[in-house]
Amino acid sequence: MSAPVLDVKNLKVYYFTSRGTVKAVDGVSFNVAEREVLGIAGESGCGKSTLGYALLRLVPPPGRIVDGKIILDGVDITSLPEDEVRKIRWSKISMVFQGALNVLNPVIRVGDQIAEVLMYHKGLTKKEALDIAAQYLKLVGLAPDVLRRYPHELSGGMKQRVVIAMALILKPRLVIADEPTTALDVVVQAQIMNLLKQLKEQEKISMIFITHDLSLIAEIADKVAVMYAGKIVELGPSDAIFERPMHPYTQGLIRSIPSLRQRKTLTWIPGAPPDLRNPPPGCRFHPRCPFAMDVCRREEPPLVEVEPGHYVACWLYAKK
Ligand SMILES: Nc1ncnc2c1ncn2[C@@H]1O[C@H](COP(=O)(O)OP(=O)(O)OP(=O)(O)O)[C@@H](O)[C@H]1O
Ligand code: SF4
Ligand SMILES: [Mg+2]
């Protein structure tokens, strides 16, 4: 098998606030293969966006990467100087940010905003850049006249397509899409999901698709990582995760998907995720887990391989 495009090892990203240290990403390891889509799921505040920022070396202060490796195409980017990172950001790894509809500058025409990226990174002329911008608008299903429009003249769905085009335009190896459909209504959400699925087939890119909504992950991901309170609690091929979820948290998330469980009562996991300044000892899920045992309150469960490629961090499956 070829080397993964991205290999993340024991990544820790903390925010050092005046009220304590928020351990937002706390020892996370996974990889993404060529043309693979990894879905990252978990409730609000579990560290999904922080993980995305870290992969681009864009963690905002007071946050920083405190440990681990992020190996992109064989190069550990955690130790690169910022000017080297700037060369690979957007060209090798890019991100559609959560709430990205607001990242477009309202007073600059869409075409000029896209062209600027190409002129800066590729040294193209304005005319060359606008030609490529038009091709990418077509790729994301927009007409060339969108180039001349201002962002406020576009619908939410059109803006999201523009932002996706910008993330793809330098042909990165890996695109991170952070909740790319959350701000959109259901119909437009379905259209953007179809666009992403089509891009997955057509373009030779790997993708990390971040969402709190496991049903969206079921549509697009080859592999799934379930995060809880800064940690990956289950990781495996999509089929395995949806057909044989093992971690009680994953099981709870799946039970709460309406479309997959139409005939059963919808259940949600009671309680709320912990404060990441002071997470519970042992298994961080234990205060909400119906299966919690003594060991769960004392010791952190290791992530063990329960079947090929399927990992789970839970004392129900690990040997003491
Ligand atoms: N700039 C910051 N300063 C301090 N703490 C932060 C900062 N940004 C995020 N956090 C904290 O880090 C943790 C992880 O936040 P993050 O935004 O990564 O979660 P998320 O999984 O993306 O949530 P959501 O689903 O709501 O987008 C949370 O506890 C959050 O409060
Ligand atoms: S380790 Fe224990 S508390 Fe944590 S999910 Fe497994 S059974 Fe529940
Ligand atoms: Mg987020």
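Which residues coordinate the magnesium ion (ligand 3)? Ser49 (OG) and Gln98 (OE1) do, at 2.0 to 2.1 Å. Donors are N, O and S atoms within 2.8 Å of the metal (3.2 Å for Na, K and Ca); water is not among the atoms, so sites may look incomplete. The two residues are 49 apart and link distant parts of the chain. Ser49 sits in helix H1 (residues 48-55), Gln98 in the loop between strand E6 (93-96) and helix H3 (110-122). Helices (H or I, at least four residues) and strands (E, at least two) are DSSP runs, numbered from the N terminus.

This is a predicted model: local features need pLDDT of at least 70, side-chain atom pairs pLDDT 80 or more, while totals for chains, interfaces and linings use all residues. Residues are numbered from 1 along each chain, chains are lettered from A and ligands numbered from 1 in written order, and side-chain values use heavy atoms, without hydrogens and water.

Ser49 counts as buried, at 16% relative accessibility. Gln98 is partly exposed, at 42%. Buried means under 20% relative accessible area, exposed over 50%, partly exposed in between (1.4 Å probe, protein chains only).

Thr50 also lies in H1. Thr50 is buried, at 8%. Leaving out residues up to four places away in sequence, Thr50 touches Val13, Tyr15, Ala24, Val25 and Val59 (heavy atoms within 4.5 Å).

Now the sheet. Four strands form an open sheet in the order E2-E1-E4-E5, with antiparallel pairing; a pair needs at least two DSSP bridges. Strands E2 (20-32) and E5 (75-76) each have a single partner strand, so one side of each lacks a neighbour in the sheet.
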